[in-house]
Amino acid sequence: MSEANHGMHKKEGYSDPSPYPEIKVQGPNIHYAELLMDDYAGVVSEFTAISQYIYHHFFFKDIDQQLGQLLENVSITEMLHMEILAELIKKLGGNPVIRGSYSTAGKFWTGNYIYYGTNLCEQLKADINAEYKAIEEYQKHIRSIADPYIQAILYRIILDENVHIRLFNQALAKFCYSL
């Protein structure tokens, strides 16, 4: 996917404005592909985030249209991250089926990884926590992967995750802590 295509998928205000690096790798590396499978569709992954945020969107949109739109648009950014990871996995020689690696013992993704919740405030807190966990996983993989191209992409994804934390915290303040 080219940089121009990334721009078409980005939702203004729901991701960092800086461009994504070119999706390339130094060469095939199945170990790196397996590490990225966890970011792609592991327990803490883009697939989990997309599914959780869309589920929360189904309820939040009934409470507040803008809040519902926030969760929908953040999930679209997470879809872009998943697409970028799929491209990296393929370039590394892996197969981006919907499974994790180490976090799932190689098993396929399951809806059990989602925090469903029943309360808007708890759901938003879980969404914030999910972003922090994702950043932690990306940072761990940056340290484990000695490919500067992949590292640059993971650093760029972290910028979006930080925007999501800020947006979710703003929503939490508005809907859960306002008097």
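Me: What makes α5 the element that gives the most to the lining of the largest pocket?

Reply: In this predicted model, α5 supplies 8 residues to that lining, which is the most from any element. A residue counts as lining when it has an atom within 4 Å of a pocket point, and α5 (120-144) and α3 (46-63) are the elements that give two or more such residues.

Me: How do you know which residues lie closest to the centre of the largest pocket, and how many residues line the pocket?

Reply: The largest pocket, with about 290 Å³ of space, is lined by 21 residues, and the closest to its centre are Val-43, Val-44, Ser-45, Thr-48 and Ala-130.

Me: Why are residues in the lining of the largest pocket called nonpolar, polar or charged?

Reply: The class follows from the residue type, because Asp, Glu, Lys and Arg count as charged and Ala and Val are among those that count as nonpolar; on that basis the lining has 10 nonpolar, 4 polar and 7 charged residues.

Me: Which element gives the largest share of the lining of the second largest pocket?

Reply: That element is α6, with 5 residues, while α4 (65-91) and α6 (148-176) each supply at least two. By class, this lining holds 6 nonpolar, 3 polar and 2 charged residues.

Notes. Residues numbered from 1 in each chain as written. Predicted model: local features only at pLDDT ≥ 70, side-chain atom pairs only at ≥ 80, totals over all residues. Heavy atoms only, no water. 1 Å grid on protein atoms, 1.4 Å probe; cavity = no way out; pocket = protein on both sides within 12 Å on 5 of 7 lines; lining within 4 Å. Points joined across faces, edges and corners; volume = space filled by probe spheres on them. Helix = DSSP H or I, 4+ residues; strand = E, 2+ residues; numbered from the N terminus.
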